[in-house]
Structures are given as C-alpha cells and as structure tokens.
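Thank you all for coming; please have a look at the sequence and the model on the screen, and I will then talk you through the overall form and the surface.

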Amino acid sequence: MMDIAALSMAMSQGEVKQQASVSMMKKVMGQAGEQSEALKKLIESADVQKIKQAAQPHLGGSIDFKK
C-alpha cells in the first residue's frame, strides 16, 4: 500500500510535469505565431512580377514582331 505522503508527492510531480508541458506548448505556439506573422509580412512585401520573372526567366525577354 502506498502511504499518503508518497501519494501526495506522486500527484505533485505529475502536476509539475503537466504545468511544464503546458508552459512549453504555449512558448512553441507563440513562436509559431511570430513566424507566421513574419512570413505573412514577407509575402505581402514580395514583388509578384519579380517572382514570376525568377520562376520563368525565359518569358518576356524579347518580342517577336514577325507577321
């Protein structure tokens, strides 16, 4: 049989582990939110025309005037 002191210590340790897990999860979620905001700003500031040109550099470089 487990005595009351040992049971109390076991419950306390479980609670501390749970609090640590929740704290770590909140920290990770905060970092993910910051990264998503930074990515959103980067995408919004990107020049779409330059991205298209980089993706397909052979397009738009010359014009064919033949009929």
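Predicted model: local features only at pLDDT ≥ 70, side-chain atom pairs only at ≥ 80, totals over all residues.

Buried residues, meaning those under 20% relative accessible area with a 1.4 Å probe and protein chains only, make up 0% of the 67 residues in this protein. Residues are numbered from 1 along each chain as its sequence is written, and side-chain values use heavy atoms, leaving out hydrogens and water.

Turning to overall form, the C-alpha trace spans about 95 × 20 × 10 Å along its principal axes.

Finally, let me come to one residue, methionine 29, which lies in helix α1, residues 4-45, where helices are DSSP runs of H or I with at least four residues, numbered from the N terminus. Methionine 29 counts as exposed because its relative accessibility is 55%, the cut-off for exposed being over 50%.

Conventions
Helix = DSSP H or I, 4+ residues; strand = E, 2+ residues; numbered from the N terminus.
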